[in-house]
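Please keep the sequence and the model in view while reading.

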Amino acid sequence: LHPTPSTPPSADFSLPAPDPPEIQSSLPPTAPPSPAPPVQPTRKSERHKVPNVRLQDYVCSHVTLPKAAQSESSSSHRTSGTRYPFSNFISYHHYTPAHLAFITQLSHSVEPRSFSEANSDPNWQQAMSSELQALESNHTWTLTSFPPAKMVTVRSILALAAASSWRIHQLDVHNAFLHGDLHEEIYMTPPPGLQRQGENLVCRLHKSLYGLKQASRNNLGAINSLKRFLHTRFRIKDLGDLKFFLGIEVSRSKKGISISQRKYTIDILKDSGFLGVRPVLFPMEQNLKLSDIGELLKDPAKYRRLVGRLIYLTITRPDITYAVHVLSRFMHEPRKPHMEVALRILKYLKNTPGQGLFFPAQNDLRLRAYCDSDLGGCPTTRRSTTGYCVFLGNSLISWRSKRQKTVSLSSAEAEYRARTGACCELTWLHSLLRDLQLPHRKAAILHCDNQAALHIAANPVFHERTRHIEMDCHFIRDKIQDGSVTTKHVASSQQIADIFTKALGKEDFARMSRKLGVLDIHSPT
């Protein structure tokens, strides 16, 4: 077990904070680590080694590479002599010993991938049985005939916590969702292990359950007081300072908070057999446009599973968002070129498996956004692609890459639709900050590189050019007039949202990635 530090806030790693995005843009791109030379086989001792029995019940914190990745990397040396061992692309030397012990223990944990796999493990059988008993004892459902937390919030709260030096504790409420009554009529397919053969029944829910839309700032003293209160109402497990949740690893220092999906990334690479592959420096070939041309995959399920896992990885990896968005368009009939791009993303992840987001402690907490579009970027439908990103001070908290619903007739029209999406997100974030009792009194800055779109917003007269986007014009203009949003022109070379609308080359991709504020505290260099 790793000790829980008592001094607020706890430090998990030691690393200088990155420069703000505006400063980062002027820095030269970081040179990639040079490939390691071929490893010559060494003579191994034939003496029989016996593990120290006193350590059999402990996870030793001196391990600098998780066992799974270490064994995979070492086996690659022995069998294939790979020139790109995984240990060259990830390091844990920035961590404190206590946090390293936690990371090592986390890396050793293996979760089952299916019900049948979990059902073969006695420990998981007991856990599932306990969960089902709790669901039934709380009268969560009745069997009957069939008559059917937004991640931006999490990133916003972490950014606020870093800037305000808030402590973040993690609590696990046993069967938390079961304490909320449902007023809607909701039906659920019985989980594996509950459905009896020959029955065609479903569960009508009476209590809130995981995954439903209906499911449901303090100092240390207030945190402890809240914990004691919750413990009188629910069965609470205090997990201490926040370090890991929903597959996201959280590390903290005086400079800020870092989040990543390191273990999740390594699991994807390991399952795909890409731990020893030669890495690449950007996820998608420049200006590549994917279409419905190419040989259909014989096993589309493999593609869908991989892309699904990559979609979840975009929670902390905005740098792969555009490429993954494009791949998700072809889930129904994936083809060979689509799979090749998906595998290239894995090669890119091999280069930076521990990369994630950094929320600096020094932050002015002002909302600012960048929006862009790629006119007719989809070769199949000729619809444009919207891309935007939103910062809270220097912390990236929201971003999106999405194909527009209709065809745009001009670049100004496509840009204006992109601005509408960004403006809607800014409006929602305004309300979120207000709910957190941190009202955003300054106007949010919306950066756009299209002069025509800026003129349309400032012109009170509609004309032929704006008849297709009149509703969008009204919405943005109202936000400008009430003072919640102000627009600003930005040069195309400084348009950060460009990374969410098209496939960039190596230099542009590296420059825009730095502006997003991504950080890899696991980098060996």
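Y95 sits in the loop between α2 (67–79) and α3 (97–108); helices (H or I, at least four residues) and strands (E, at least two) are DSSP runs, numbered from the N terminus. Y95 is buried, with a relative accessibility of 10%. Buried means under 20% relative accessible area, exposed over 50%, and partly exposed in between, with a 1.4 Å probe and protein chains only.

Neighbours within four places in sequence aside, Y95 is in contact with D12, F13, L100, I103, E249, S251, I521 and H522, where contact means heavy atoms within 4.5 Å. D12 is 83 residues from Y95 along the chain, yet their C-alpha atoms are 5.8 Å apart.

## Basis and confidence

The model is predicted; local features need pLDDT of at least 70 and side-chain atom pairs count only at pLDDT 80 or more, while totals for chains, interfaces and linings use all residues. Residues are numbered from 1 along each chain as its sequence is written, and side-chain values use heavy atoms, with hydrogens and water left out.

The predictor's confidence in each residue is given as pLDDT, from 0 to 100. Its mean over the protein chain is 78, and 74% of the residues reach 70 or more. Where pLDDT is low, the predicted coordinates should not be read in detail.

A nonpolar core is a set of buried Ala, Val, Leu, Ile, Met, Phe, Trp, Tyr and Cys residues joined through side-chain atoms within 4.5 Å. The largest one has 98 residues, and L349, L367, C389 and L516 have the most contacts inside it. Helix α6 (residues 151–164) gives the most to this core, with 8 residues.

L516 belongs to helix α15 (residues 506–516), where F509, M512, S513, R514, K515 and L516 are buried. Beyond four places in sequence, L516 is in contact with P318, C389, F391, L396, I496, I499 and F500. L519 lies in strand β15 (residues 518–519) and is buried at 14% relative accessible area. L519 and S258 are 261 residues apart in sequence, with a C-alpha to C-alpha distance of 7.8 Å.

## The second largest cavity

A cavity is a set of points, on a 1 Å grid over the protein atoms alone, where a 1.4 Å probe fits but cannot get out; lining residues have an atom within 4 Å of a point. The second largest cavity has a volume of about 80 Å³, volume being the space filled by probe spheres set on the points, which are joined across faces, edges and corners. Its lining is made up of F282, P283, M284, D319, Y322, A323, I499, K502, A503, L504 and F509. By class, the lining has 9 nonpolar residues, no polar and 2 charged; Ala, Val, Leu, Ile, Met, Phe, Trp, Tyr, Cys and Pro count as nonpolar, Asp, Glu, Lys and Arg as charged, and the others, Gly among them, as polar.

## Positive phi in loops

Most residues other than glycine have a negative phi. L365 has a positive phi near 60 degrees; L365 is in the loop between β9 (356–360) and β10 (367–374) and is partly exposed at 23%. For R382, phi is near 60 degrees, also positive. R382 is in the loop between β10 and β11 (385–392) and is partly exposed at 47%.

Terms used: On a 1 Å grid over the protein atoms alone, a cavity is a set of points where a 1.4 Å probe fits but cannot get out, and a pocket is an open set with protein on both sides within 12 Å along at least five of seven lines; lining residues have an atom within 4 Å of a point.
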